[in-house]
Amino acid sequence: MYRGSRLHAAHLAGWICLAVLLTSSAAAEAAPDDLAQLLKHADSIKSADHVKFINDLKHLDAESARLTPRQHQYFSYLKAWQAAYAGDYGSAIPQLDAVIAGPGDASVRFRAGVTEVNVFANASRNTDAYARLNQLLDLMPQVSDADTRLEGISVAALLYDEAGQDDLALAYSQQVITTAGNGTTVCKGYYLKINSLSNSGKLTLSDSTVQDGLDVCTKANEPIFANLIRADVAKLDIQQGRSDDAIQLLRSNYGEVEGTHYRPLSSKIDSTLAQAYWKSGDIKQAQHFAQSAIDAAVKNEYTEPLVGAYEVLYLAAQKQGDYQAALTWHEKYAAADKGYLSDVSARALAYQMVHQQVAQKKAQIATLSQKNQVLKLQQDVAKQNMIVVRLGIALLLVILGSIILYAVRTKRSQVKFQKLARRDGLTEIANRQYFIECAQAELAYCRKSMRDASVIAIDLDHFKQINDNHGHAAGDAALKAAVAACQKHLRSVDIFGRLGGEEFGILLPDCVPERAVDIAEAMRGEVAAIAGAQGGTGFPVTASFGVTAARWAGYDLVHLLAQADSALYQAKREGRDRVVLHGAPAVAPAGPPPGVEERRHAAT
């Protein structure tokens, strides 16, 4: 599950990746030069020397009466940035909104928007984050300052990495490296690229990118980014059995980490050290750094370092024979892991939802453009009416007939395109966009009528091995056979869609979770029997199922799919080829609950 590791790395770098020099015209006002220079100085050191940055803000606050309107806008942005740095998102968001909505320098407003994207991401307001990102990318051509545009490119690389869009993340981070005009921005680009390579499993210690990034960040005096890169290197060392190398790397720069006073970075470094010491057999040091990682973690947030720290403490207590402590740490580890995986799924799903909404809006704009073209054509025809009259009734009839024929053909093309756009070309079930549209509409009706609704998430097990061992044609046959097996247990009102690759989703209106589990179990059996069926695949095919219901997640499709996906991950971890009900201590016995009509009958 590489998506899980990328979420914390991106979350940790979050908003701090915005530390580039502002070269806008904010200092062009007729205010005293000392305040103009102090604003620029504070901006340039806010991540490199945060203690001095705080002192600069205090000085500026004392002299705020002397600031010009544009300088006051600049100062307001820096104060909002500091609130975000301190994790005070409740204060940071309204301050950023005020800068974005206010008058003044367009570059400062753009930077405030970039910062707000990161705040939304860190506060798990994922849909808001990706929606704001799309707005910023659309506005980027209007921003004249190159460094300011690079902030937008950087945050795009960051959020695309969170969503698992590796190619986009690498492309944007490489653009930062090759076009940046100062060392701080180049350093940031190297971190984003190395982090994306690490999360996608493509990072190697022989890659010159690692050393180049460390050299640039050291020269630019950017300790946060330099140590984030070292954390990725240490993580790779641990994975490849070089725990001692990871310890030496992180301990030799530990004082520098403490000097940043940035708790998420300290939590990540301490958690990585705890895992390295555990692998090397030093239980005492592993426990010490695991507890330090927990103490430094941002409160009420589930992160990868927090999960790793709880796991080390659980394993250490278990090995020492302290089973009461082991049980306590395991409960915290399980809760953090569950919350973390749910956040991973929610971020990926939010990206897909916003991506689909943007695509839908673009399609609507294209449709309106076509309608405008038709209207323009009609206007042109009207202008030619006088000529048509002179040519006679016969010529008029020919023109009208041509227009009618064009309209009929256009309508037929639109109907055909609409049908193709709604269905998955391989399985003939609803595609992602149409599934989301139908499911949202049905959930709105269920909410209004207070009806139950359940969601099932399905993922074929080891699908890549099927493609590798038997070919893509066999993989396609397995997908079609699995869909057909599942459809045997669905009604005409149930909504079945392909969400991508080997992943599927089902919305069951008016269905209690116990019945949904029963249906999912029946589907699992049907899928497992594909190989031996007449005309079957000839090779094993199994699937894992995650189930949730509106009574727990509400009627919001994002939350329902995130919970179902979380249950699906649990099914994968427990061995695949099974059904897991989200949030339930045990699966209810087969059969409908009292008072609920039997659900399982063939689709009509």
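Tutor: Let's start with Asp 510, found in the loop between β3 (503–509) and α24 (513–528). This is a predicted model, so local features need pLDDT of at least 70 and side-chain atom pairs count only at 80 or more, while totals for chains, interfaces and linings use all residues. Residues are numbered from 1 along each chain as its sequence is written, and side-chain values use heavy atoms, leaving out hydrogens and water.

Student: Why is Asp 510 called partly exposed?

Tutor: Buried is under 20% relative accessible area, exposed is over 50%, and partly exposed is in between (1.4 Å probe, protein chains only). Asp 510 has 41%, so it's partly exposed.

Student: And why is His 261 called exposed?

Tutor: His 261 has 54%, so it passes the cut-off for exposed. His 261 sits in the loop between α14 (254–260) and α15 (263–280), and its phi is near 60°, positive in a residue other than glycine.

Student: What makes a nonpolar core?

Tutor: Buried Ala, Val, Leu, Ile, Met, Phe, Trp, Tyr and Cys residues, joined through side-chain atoms within 4.5 Å. The largest has 104 residues, with Leu 78 among those with the most contacts inside it. Helix α12 (residues 223–239) gives the most to this core: 10 residues. Another core, apart from it, has 33 residues, including Cys 511.

Notes:
Helices (H or I, at least four residues) and strands (E, at least two) are DSSP runs, numbered from the N terminus.
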